Each structure stands twice: as structure tokens, then as C-alpha cells.
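Please look over the structure below before reading on. The briefing that follows takes it topic by topic.

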Amino acid sequence: MAAYARLHYALDRSLIVGPHVIVEHYTADTSVANDWAVFASDRPDGELGGLPGDCAHFIISTTGVIYQLVPLDVMCRHTVGLNWTAIGIEHEGTSDASILSDPAELHASLMLTAWLMHRFSIPIGDVVGHAESLESPYHRERVASWRCQTHADWQHADMTTYRRLLLRSLRADHAPAGPGYAATAAASSC
């Protein structure tokens with residue numbers, strides 16, 4: 001990861017700076033065991049190649065069980081341009097809708113995200129879906145051919161719903177939410 005951070009972020013470390021962002025993902029699979037095996041294998045990324053392989057800090061199962069895969073201060077390769085400062089949360093499922101319609105998984109996700117926000121003073125505006133990664137003011141990528149790369153998981157409309165539910169949960173717990181989501185046009189030239 002240190003070599004990846006040098007190439008992509010000009011950072012000589014494998015530890016997260018911050019973190020400043022939480023990125024929501026879904027696994028495109030319905031088996032935590034399969035997802036765990038993919039991350040544990042450390043195979044080169046199938047789409048972009050190179051090592052380390054895909055990684056995430058957490059996987060949340062459809063039953064609401066939260067699995068932590070790596071320490072929170074370690075960079076994981078889950079979102080091009082944000083790995084240097086983002087915590088990645090994978091949700092077991094094949095679509096945004098499958099997670100939003102699963103009460104146990106959604107509740108666990110909202111609670112984990114709220115806890116991370118509180119622990120690291122991350123405002124709700126920096127809780128993003130993978131598909132929103134290019135709009136984050138923290139997005140930076142030195143490798144030109146990777147600069148505009150993102151994925152379709154957690155589209156803006158679904159993240160708007162997610163953030164609304166997250167805000168409701170934070171207010172119920174009298175927890176601060178910080179500034180809301182605002183796409184940064186200058187952050188992306190894609």
C-alpha cells in the first residue's frame with residue numbers, strides 16, 4: 001500500500017491521512033464469505049490491475065453483522081482518488097436498493113457510519129457513495145489514466161436517501177451532523 005500511495009498520492013506511507021471521508025459501497029455479491037475471500041486474496045485489481053488488491057475497512061452483512069477487516073488507520077484500496085483519506089464500508093448486496101430495503105443491514109450501516117463520523121469528526125457531507133467519489137473535494141489522483149475512474153455503486157439519488165436517513169438517526173441521538181453534501185464542481189474535471 002505504501003508503494004500505491006507513493007504512485008497515486010505522492011505520500012510515503014500506508015496510513016490514512018485523516019480520515020476525512022467515508023465511502024459507502026456494495027459488494028455485488030450476497031456472501032460475506034466470498035467477499036472476505038476476495039479481500040483476503042490480495043489479488044491484483046481486475047479492472048485497473050496492480051497491487052494491493054481491493055480492500056475495505058468493513059463489510060456489513062444482510063443480517064446486520066459488521067466485520068472489521070483492517071485497522072482504521074491503514075489505507076485500503078477501495079476508491080480511486082480517496083484511498084489516502086477515506087474509510088471504506090462494503091455492504092453485502094447487489095444494488096443500492098437491496099441495502100436500502102434491508103432493515104437489519106441498513107440499521108447497522110447507519111449506526112457504523114454515525115459512529116465513524118463522531119469518532120473522526122467527519123461531517124455528513126463527506127459521507128459519499130462510491131459513484132460520488134469524483135465530486136469529493138478530497139479526491140486526488142496523480143495517475144492520469146485513473147483520474148476519472150469510479151464505480152456505479154451508491155448513486156447520488158440513493159445516497160441522498162441514505163444521508164437523509166443518517167441525518168434522522170443523528171438527530172434522534174442528538175449527534176452533530178456537520179455541513180451537508182455539496183458536490184464540488186472544481187473537484188472533478190471528468
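Which residue is the bridge partner of Ile60 in E4? The partner is His91. This is a predicted model, in which local features need pLDDT of at least 70 and side-chain atom pairs count only at pLDDT 80 or more, while totals for chains, interfaces and linings use all residues. Residues are numbered from 1 along each chain as its sequence is written, and side-chain values use heavy atoms, with hydrogens and water left out.

**Overall make-up**

- The protein has five helices and five strands. Both are DSSP runs, numbered from the N terminus: helices are H or I with at least four residues, strands are E with at least two.
- Read from the N terminus, the order of elements is α-β-α-β-β-β-α-α-β-α.
- Of the 190 residues in the protein, 47% are buried. Buried means under 20% relative accessible area, exposed over 50%, and partly exposed in between (1.4 Å probe, protein chains only).
- The accessible surface comes to about 8600 Å² (Shrake-Rupley method, 1.4 Å probe). Carbon and sulfur atoms hold 56% of that surface.
- Among contacts with a separation of 6 or more, 74% join residues 24 or more positions apart. A contact means heavy atoms within 4.5 Å.

**The sheet**

- Five strands form an open sheet in the order E3-E2-E4-E1-E5, with mixed pairing. Two strands pair if DSSP finds at least two bridges between them.
- E3 and strand E5 (127-129) are the edge strands, and each pairs on one side only.
- Neighbouring strands are turned by 25 degrees against each other on average, direction ignored.
- E2 and E3 pair in the antiparallel sense over three bridges. Phe58 stands opposite Gln68 in E3.
- E1 and E4 are parallel and share six bridges. Here Val23 stands opposite Gly88 in E4.
- E2 and E4 also run parallel, joined by three bridges.

**Strand E4**

- Six of the six residues of E4 are buried, so the strand is largely enclosed by the rest of the structure.
- Ala86, Gly88 and Glu90 point one way from E4, and Ile87, Ile89 and His91 point the other way.
- In a regular strand the side chains alternate between the two faces of the sheet.

- Helix H5 (residues 156-172) lies across E1 and E5, at about 150 degrees to E5.
- For these angles, axes are lines fitted to C-alpha atoms, for helices over the stretch in contact, and values run from 0 to 180 degrees between N-to-C directions.

**Helix H1**

- Tyr4, Ala5, His8 and Tyr9 are buried in helix H1 (residues 2-9). They cover an arc of only 95 degrees around the axis, which puts them on the same side of H1. The arc is that of the directions from the helix axis to the C-beta atoms.
- Just after H1, Ala10 takes a positive phi of about 55 degrees.

**The disulfide**

- The structure holds one disulfide (a pair of cysteine sulfur atoms within 2.5 Å).
- Cys55 and Cys76 form this disulfide, with their sulfur atoms 2.1 Å apart. Cys55 lies in the loop between helix H2 (32-41) and strand E2 (58-60), and Cys76 in the loop between strand E3 (66-68) and strand E4 (86-91), so the pair ties together parts that are 21 residues apart in sequence.
- Cys55 counts as buried at 18% relative accessibility. Cys76 counts as buried at 1%.
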